[in-house]
Amino acid sequence: MSSAGAAGFPIASCRFRGCHTASAPEKARLCSLPPQDLRQTLRFRSYPESLAWNNDDLDQWVAEDPRRGRTTWTGDRTRSLRWEYDGEVYAPTPLVKKMVEQLTGNQPRSAYGTRYWVDDSGRDLTELADLPADTDGTFD
């Protein structure tokens with residue numbers, strides 16, 4: 001028997017793909033973000049995790065076209081971010097990998113995609129998923 005998350009999705013059936021580096025409870029919390037979080041803008045923030053690419057170069061690449069650094073939360077359980085740059089929807093990790101590939105020509109094997117997208121308060125998706133259920137849960 002599965003329990004329901006804050007958005008009413010059965011946690012056991014959550015398939016938040018693209019967060020391959022996220023733990024199972026973290027994926028469930030991401031899938032359970034409340035419906036009022038829909039259409040919130042998230043911005044790109046470098047996360048120091050890899051020697052596979054240079055974060056300064058990635059930050060410069062994003063600064064050259066600010067649309068590269070903005071997404072909108074869709075609430076979809078498999079592709080939760082709409083990238084302003086191309087209008088397509090992605091899960092957080094595949095989007096970060098795509099960005100690195102566009103910059104370097106090589107797609108990294110892994111990335112902590114949920115750590116790169118933050119709200120206006122600077123909280124990343126992992127931190128937002130950790131908010132207590134009794135908070136309003138908005139990205140503001």
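**Before you start**

The model is predicted, so to speak of local features pLDDT must be at least 70 and side-chain atom pairs count only at pLDDT 80 or more, while totals for chains, interfaces and linings use all residues. Residues are numbered from 1 along each chain as its sequence is written, and side-chain values use heavy atoms, with hydrogens and water left out.

**Stop 1: the whole chain**

Show the cartoon first. You will find four helices and five strands, where helices (H or I, at least four residues) and strands (E, at least two) are DSSP runs numbered from the N terminus. Read from the N terminus, the elements go α-β-α-β-β-β-α-β-α.

Of the 140 residues, 42% are buried. Here buried means under 20% relative accessible area, exposed means over 50%, and partly exposed lies in between (1.4 Å probe, protein chains only).

**Stop 2: the sheet**

Select the strands. They form an open sheet of five in the order S4-S3-S2-S1-S5, with antiparallel pairing; two strands pair if DSSP finds at least two bridges between them. Strand S4 (89-90) and S5 stand at the edges with a single partner strand each, so one side of each has no neighbour in the sheet.

Zoom in on S1 and strand S2 (residues 70-73), which run antiparallel and are joined by three bridges. Pick leucine 42 there: its bridge partner in S2 is threonine 71.

**Stop 3**

Next, select Phe44, Leu58, Leu95, Met99 and Trp117, which touch the most other members of the 19-residue largest nonpolar core. Such a core is a set of buried Ala, Val, Leu, Ile, Met, Phe, Trp, Tyr and Cys residues joined through side-chain atoms within 4.5 Å. H3 gives the largest share of this core, four residues.

Stay on leucine 95 and show what surrounds it. Beyond its neighbours within four places in sequence, leucine 95 is in contact (heavy atoms within 4.5 Å) with Thr71, Leu81, Trp83, Tyr90 and Trp117.

Lysine 97 is also in helix H3, and at 14% relative accessibility it counts as buried. Not counting residues up to four places away in sequence, lysine 97 touches Gln107, Pro108, Arg109, Ser110 and Ala111.

**Stop 4**

Finally, select aspartate 119, in the loop between S5 and H4. Is aspartate 119 buried or exposed? Aspartate 119 counts as buried, at 0% relative accessibility. A polar atom of its side chain lies 2.9 Å from the backbone nitrogen of serine 121.

Arginine 123 sits in the loop between strand S5 (117-118) and helix H4 (125-129) and is partly exposed, with a relative accessible area of 22%. The side chains of arginine 123 and aspartate 119 are joined by a polar contact of 2.8 Å. That term means a pair of N or O atoms within 3.5 Å; within protein, one must be able to donate a hydrogen and the other to accept it, and residues adjacent in sequence count only if both atoms are side-chain atoms.
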